[in-house]
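Reader: I would like to go through this model feature by feature. Please give the general idea each time, then the case at hand.

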Amino acid sequence: METHPTYSALSGFLSKYARATAGAAYQTYNDLLLAQQWSALEVVDLPACGRCAFRGRRPGVAKDEVVVPCALSESLSMAWLGAAFAGLGGLGEIYLAIAAEDSSVVYYKLTAGIAKPAV
Amino acid sequence: MTEPIPIHISNHRAFVFDVDHVAKLRTAHRITGVLGGTLPHLSQQNIFLGLPLILLPEEVFLLVSKGFAILVSDPGSYRTPSLQELAEWDDMRIADILRQLSRSQAQEDSKRKFAQSEEALRKRQEREERRRRDALARQTGASRDSTTVSSAGPFTLEATVSNVAPVPTPTAATSTSTASVLASNVFTVSVPMSSNSLSWHEPERHSFSTLDGARIAGIWTYPSTDAERAKCEVFRDLWEKGYYMGGGSKFGGDWLVYPGDPLRYHSHFVATVHSSPDALLRPMEIVAHGRLGTATKKAHLLCCWDPAARKVSYLSVEWAGFG
């Protein structure tokens, strides 16, 4: 992946953290940038979760949103998710990107607290 | 402080047998429970069920810990009745049966008056004529069969005999009134439900107003594991926030969380409980719960009990809608 044109944006972060998180982060970054067509995509450091996250703007949405990547095979916990919220400056909602080994990525919106689903 | 509601415990299951208590649990305490009893006059279905109300163990925990209810050990609350009490009970039972029979007879009589009209009489005659013809046809047909297969053996003969047997009619010994009552196909039967009228039912003998007391007596031991304790704490927290909870097994969760009475609202959430902040949570669970929630117009509620900080934290999960 080092020779891929988008790698330069991530290289600093991926070398900092465990190799196991690199694949999911890289996959998610490319999916957001190229497939989901997010604009103003920037990499955010999230040491509390041992990885980097991504902040950008989804097409058709007025505000910035943050995506935290993870691999389908990882073991998470409620504490880990809580740390993600805290480490991003106490955001109300984040997207968790779950990357599988077949390169598919699914996104789930996590909202802190009890938030009614949209009608 | 109003009278606490008795919850009858039998084999570690919680039942409420009084309809007024069921209503009070719902209206005053926001506890719905599930009706699990068969209706006597609609017994071969389970869409409509009646008393008793069955409570979730978390509901019992909440009601007793807040003093809204007490636990009554059902097996232990009956003493041996005296012979006199049994005789009185039997007399009352027979009197009640006779009352029900005469009520049905009165119903039957009013139906008969209606059925005496000319039109009804004519139709009944036609029906009986048809039935007589059919029975005759069956008999002649059967006798023909029996002559040809009588050599075939005992089994076939038995079969033809049963074909010829007429529809059972009431014997001459029974009175005509009971016969007509039995022949009609709709009765109102009252089934004795409550033990309150029995003089040897003494629930005070084996009642517990605290969970610890019930646990020591071995009647009710929930919660006894960390996972169960976490469920109780989360249930209580959701209840204190004003929600109604119902069973969540149809949606793959612990509970359905309603913003109001389930008879009036759809639930907004399917909740699952995680017993500690460090308990394993797989991304696949988030995918499965999140997708199911969104597909059913709900969100998934991940609830976590922190035993150290003694508080509950929540995360609402929905499919992002993209990706």
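**Reading the model**

Author: Start with the contact between the chains, to which chain A gives 31 residues and chain B gives 34 residues. Keep in mind throughout that the model is predicted.

Reader: How much area is buried between chain A and chain B, and what share of it do carbon and sulfur atoms give?

Author: About 2,700 Å² is buried between the two chains, and carbon and sulfur atoms give 72% of that area. On the side of chain A, A:Met78, A:Tyr108 and A:Ile114 supply 30% of the area buried against chain B, more than any other three residues.

Reader: Is B:His274 buried or exposed?

Author: Burial is read from relative accessible area, and under 20% counts as buried. B:His274 has 8%, so it is buried. For chain B as a whole, 33% of the 323 residues are buried.

Reader: What is the geometry of the pair B:Phe15 and B:Phe17?

Author: The ring centres of B:Phe15 and B:Phe17 are 6.0 Å apart, with planes at 40 degrees, so this pair is tilted. B:Phe15 is buried at 17% relative accessibility, while B:Phe17, at 29%, is partly exposed.

Reader: Rings can also be examined for a charge over the face. What lies over the face of B:Trp319?

Author: B:Arg291 does, at 4.1 Å from the ring centre. In another case, the charged end of B:Lys298 sits over the ring of B:Phe251, 4.7 Å from the centre of that ring.

Reader: Now the sheets. How do the strands of a sheet pair?

Author: Strands pair through backbone hydrogen bonds, either parallel or antiparallel. One sheet of chain B is open and has six strands, in the order β3-β4-β2-β1-β5-β6, with mixed pairing. Its edge strands, β3 (34-37) and β6 (207-208), each pair on one side only.

Reader: How many bridges join β5 to β6 of chain B?

Author: Two bridges join β5 (residues 69-73) to β6 in chain B, and these strands run antiparallel. B:Val72 has B:Ser207 in β6(B) as its bridge partner. Helix α1 (residues 19-27) of chain B packs on the sheet, where it touches β1 (5-10), β2 (13-16) and β4 (50-55) of chain B; the directions of the helix and β4(B) make about 45 degrees.

Reader: And in chain A, how are β1(A) and β2(A) joined?

Author: Six bridges join them, and they run antiparallel. A:Val44 has A:Ala53 in β2(A) as its bridge partner. The two strands form a hairpin with four residues between them, and A:Gly50 in the turn has a positive phi of about 65 degrees.

Reader: What joins β2(A) to β3(A)?

Author: Three bridges join β2(A) to strand β3 (residues 65-71) of chain A, again in antiparallel fashion. Here A:Arg55 stands opposite A:Val66 in β3(A).

Reader: Why is β2 of chain A described as largely enclosed by the rest of the structure?

Author: Five of the seven residues of β2 (residues 51-57) of chain A are buried, so the strand is largely enclosed. By contrast, A:Ala86, found in helix α3 (residues 78-87) of chain A, is exposed, at 56% relative accessibility.

Notes:
Residues are numbered from 1 along each chain as its sequence is written. Chains are lettered from A and ligands numbered from 1 in the order in which they are written. This is a predicted model: local features need pLDDT of at least 70, side-chain atom pairs count only at pLDDT 80 or more; totals for chains, interfaces and linings use all residues. Side-chain values use heavy atoms; hydrogens and water are left out. Two strands pair if DSSP finds at least two bridges between them. Contact means heavy atoms within 4.5 Å. Axes are lines fitted to C-alpha atoms, for helices over the stretch in contact, and angles run from 0 to 180 degrees between N-to-C directions. Rings of Phe, Tyr and Trp (its six-membered ring) pair if their centres lie within 6.5 Å; planes under 30 degrees apart count as stacked, over 60 as edge-to-face and the rest as tilted. Buried means under 20% relative accessible area, exposed over 50%, partly exposed in between (1.4 Å probe, protein chains only). A charge sits over a ring if NZ of Lys or CZ of Arg is within 6 Å of the ring centre and within 35 degrees of the ring normal. Buried area is the accessible area (1.4 Å probe) that two parts lose on being put together, summed over both.
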